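Take a look at the protein model below. Keep it in view while you read this short report.

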Amino acid sequence: MPLHVQYNQSQQLQHLSHSFRDYTGPARLLHSQLTDNTTFAALGGHAIASGALTATLLDHPVHDRTPMSQSVPKNTQPLTQTSAEPRTCWLHYEISASFGGTTTQLRQQANHISANTQIQLAACLSARSGDIIADTLAAQLTAIPCIYSHEDVKSLKPGESLALDTQGTLTVHTSIKWSELLCRNFHLFSRWLAQGELLDLSFNASLNANLEVSIEGGYQVIFVRPVDTPHILRLSYVKSTANNTQNTVNACITAKLSNPKAFQVAYTAMVQAIFQRSTEEVDALTAHLPPNTLPNQLLPVATALLKRLGLDKLEQLKPRIREIQQSLETSICTAAQSGVELSVYYHYHRVQAHQALLQLTVRDDALTPALHEAAVTGRLMGQLNKHLKRVNVEQFFNQRVTQQHYTWGFHLNVFSWHAMSREDAKFHVVTQENVYGDVKLAGQGQRCYQDQVGEEKRQFYLDFEAAMPTFKAPDQVSMRDFNLALTLSHSTRQASLSEQAACQLADELAVWGLIPPGEVDTLAGQLYRKLKAQQDIQITLTLTLPCDVFRDLLPTLADANPARLSEALAAALPRHLQMPNCRANPLLRSAFYAPAFAHYLSADESDADTLIELAVTRLRQLRQYESAHKERNWRRKPGPTLARVIHMHPDLKADLDNLITGMHKLSGHDKLNGDPDVLTAIYHLFDDMGAQHFYMRFFAYYLQLSVTELGYQHTALQATGLIEFGPSTTRQAWLLSGVAPMPHSL
């Protein structure tokens with residue numbers, strides 16, 4: 001290899017006047033490019049164009065040895081002549097050009113467009129070692145062959161090659177800021193915060209929306225005539241594209257008190273509630289307290305306040321009243337400064353990618369103009385079946401990937417109280433094709449729901465997988481050709497475990513089949529005694545439906561049996577601690593509420609009020625009068641009543657219909673025609689089961705009932721529970737394995 005030596009023009013010309021045999025200069029014989037990038041106006045923006053021509057001397061053919069995906073090195077590689085000089089020398093020519101530009105349009109929204117395109121043409125041509133370098137360069141550059149010419153490709157000599165490499169990117173970004181839209185449509189939020197005009201609120205609202213679309217792609221085509229097979233051409237073809245779409249909307253609403261004095265009404269009400277006396281009486285009392293003598297009319301007020309505040313001496317009363325009043329004023333001032341903030345967001349991301357790789361050999365007489373044109377225009381993979389009889393395929397890979405991800409949710413801060421909710425929906429589809437046009441599809445979806453209320457954080461996941469084990473003709477593909485798997489997961493994290501939380505946890509374990517329903521109260525007591533002194537408690541529940549069980553279970557899941565559906569809905573109702581006789585565990589809830597759900601599901605037209613009345617009637621028939629009273633008067637009663645659950649899920653019947661339809665399509669013989677969007681549509685029919693806590697409990701119990709009805713053992717469902725607690729340095733964990741009615745590890 002020659003040394004990296006800089007030559008002046010006369011030295012370079014002197015070296016080029018020698019033959020290849022006598023040349024000892026740098027490998028790069030010629031390099032020419034635009035002295036300055038050319039800039040010009042286009043589409044309201046600016047564009048830059050540049051290009052270069054390079055000629056390099058090599059001691060071997062470029063593409064006859066290197067892998068087809070390997071690009072020509074960018075850096076100059078020196079070349080040395082050895083005593084064993086090759087009889088043939090090789091000149092590698094590269095012609096490259098690039099074009100890039102940007103434009104920005106400012107109207108109601110900001111549009112930013114950028115584009116970049118690069119193209120590289122290469123030719124590796126042979127020369128005899130005795131030829132003069134300058135003469136050879138002049139002759140070959142005068143009529144350099146081009147890959148776009150069918151005749152030039154067929155005229156290649158052994159070891160020679162022609163190559164084409166293109167890359168391009170187009171990006172469009174739009175940003176919208178439109179706060180007026182938000183101010184118009186959040187009047188309900190304003191009314192809710194106002195609490196009957198008690199608070200005087202001023203709003204500061206903002207909305208940001210960003211849309212970004214990018215398209216990237218390119219392909220590489222190489223025609224090479226191998227040295228050892230002079231009547232054969234080898235074609236290497238690589239293509240990749242990626243379409244990326246992102247849409248993000250962020251909205252933030254802040255509400256603060258425009259006048260802290262608006263809290264005067266609330267302050268007066270608080271003072272009267274604490275002291276059970278008017279503010280005038282309290283102010284008069286504090287004005288006459290020691291060292292002053294109290295008038296007779298204030299003695300009853302002082303006596304009542306001493307008793308209410310738990311004080312013994314009259315001297316203690318005035319400091320205590322002042323302390324309470326100051327505490328109220330400080331709290332109100334803090335609230336006025338903190339205000340309320342609500343942020344809403346939505347994000348959509350879609351990526352479509354295509355990867356294709358092909359290597360084949362073709363005889364000269366079989367290289368038709370149509371085959372050549374399909375290759376150099378990047379359409380070879382779509383037309384390969386027309387040319388299969390003329391070519392010999394050595395390597396083939398063709399894959400398309402589509403990913404979709406939706407995210408939406410909100411954050412709410414009300415003074416020192418925080419809440420958040422977030423939903424994610426993802427689906428990933430891979431379509432792989434073989435050389436004969438057969439396809440193999442695989443899809444993976446996940447629906448996730450997260451929320452936080454105060455210090456408690458919860459996460460719910462539904463994971464679904466469908467994969468074809470073998471290739472099949474697209475028009476013959478149905479859902480019967482897929483291996484299926486389903487997983488449900490629920491995770492809860494909280495700072496500590498209260499007695500009420502322990503009861504809810506035990507009930508959750510029963511719904512997921514980790515303990516027998518009859519052990520709920522017993523286990524709740526054990527959990528509370530063992531964990532009440534622990535911190536940072538995390539509970540993770542998982543239920544997995546293996547492929548063989550899922551496939552056998554599909555007809556049962558799709559039969560829309562109202563008895564099974566109503567039993568699962570009733571069992572999924574939250575535990576209500578004030579209704580211990582009918583809401584304490586899944587079996588009791590099924591016994592008391594399942595008939596009402598069955599009538600609700602079977603009726604053509606039924607609403608939430610009808611369901612509530614049916615449940616109340618059932619409870620009264622079974623002498624649960626107190627529970628019936630709470631269910632009927634749910635607006636004035638706290639807790640997770642039936643009405644609140646149903647009103648939180650207004651589309652319950654429609655979501656159940658979609659679930660049954662999704663299970664039916666998974667078990668059916670309907671043809672997909674190789675379209676991955678059909679697989680995505682089927683998944684979205686039932687992915688709502690992972691979007692809410694009530695739906696997740698229902699689906700877990702519905703799966704268990706279906707497994708039992710089919711005659712499987714409970715162990716067909718792989719259920720596990722993990723309870724972790726304590727600081728990170730000494731963290732402990734309990735594992736609950738097996739399913740009811742098997743005993744648990746606790």
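## Ground rules

This is a predicted model: local features need pLDDT of at least 70, side-chain atom pairs count only at pLDDT 80 or more, and totals for chains, interfaces and linings use all residues. Residues are numbered from 1 along each chain as its sequence is written, and side-chain values use heavy atoms, with hydrogens and water left out.

## The whole chain

The protein chain holds 22 helices and 17 strands. These are DSSP runs, numbered from the N terminus: helices are H or I with at least four residues, strands are E with at least two. Of the 746 residues, 44% count as buried. Buried means under 20% relative accessible area, exposed means over 50%, and partly exposed lies in between (1.4 Å probe, protein chains only).

The accessible surface of the chain comes to about 37,700 Å². Carbon and sulfur atoms own 52% of that surface. Accessible areas come from the Shrake-Rupley method with a 1.4 Å probe; for residues, only the protein chains shown count as cover. Now turn to contacts, meaning heavy atoms within 4.5 Å. Among contacts between residues at least 6 apart in sequence, 73% join residues at least 24 apart.

## The nonpolar cores

In soluble globular proteins, nonpolar side chains tend to be buried together. A nonpolar core is a set of buried Ala, Val, Leu, Ile, Met, Phe, Trp, Tyr and Cys residues joined through side-chain atoms within 4.5 Å. The largest one here has 102 residues. Phe464, Tyr593 and Phe698 have the most contacts inside this core. Helix α22 (residues 693-710) supplies the largest share, 11 residues. Another core lies apart from it, with 40 residues, among them Leu16, Leu29, Leu57 and Ala375.

What does Phe464 touch, leaving aside its neighbours within four places in sequence? Its partners include Phe427, Leu484, Leu486, Phe550, Leu666, Tyr683 and Phe686. Gly443, Gln444 and Gly445 are also among them.

Ala375 is one of the buried residues of helix α10 (residues 369-376). Just after α10, Gly378 takes a positive phi of about 80 degrees.

## The largest pocket

A 1 Å grid over the protein atoms alone is used to find pockets. A pocket is an open set of points where a 1.4 Å probe fits, with protein on both sides within 12 Å along at least five of seven lines; lining residues have an atom within 4 Å of a point. The largest pocket has about 1,400 Å³ of space. That volume is the space filled by probe spheres set on the points, which are joined across faces, edges and corners.

How many residues line this pocket? There are 44, and Asp451, Glu456, Arg458, Pro574 and His693 lie nearest its centre. Helix α12 (residues 499-511) gives the most to the lining, with 6 residues. By class, the lining has 19 nonpolar, 16 polar and 9 charged residues. Here Ala, Val, Leu, Ile, Met, Phe, Trp, Tyr, Cys and Pro count as nonpolar, Asp, Glu, Lys and Arg as charged, and the others, Gly among them, as polar.

## Residues in loops

Asp536 sits in the loop between α13 (520-531) and β15 (537-545). Its phi is near 50 degrees, a positive value in a residue other than glycine. Asp536 counts as partly exposed because its relative accessibility is 29%. Gln494 is 42 residues away along the chain, yet the two C-alpha atoms are separated by 5.8 Å. Gln494 is also one of the contacts of Asp536, as are Glu724 and Arg731.

Arg623 lies in the loop between α17 (608-621) and α18 (625-632). Arg623 is not a glycine either, but has a positive phi of about 65 degrees. At 65% relative accessibility, Arg623 counts as exposed. His231 is in the loop between β7 (201-224) and β8 (232-257). Buried or exposed? His231 is exposed, because its relative accessible area is 54%. Beyond its neighbours within four places in sequence, His231 is in contact with Arg225, Arg363 and Asp364.
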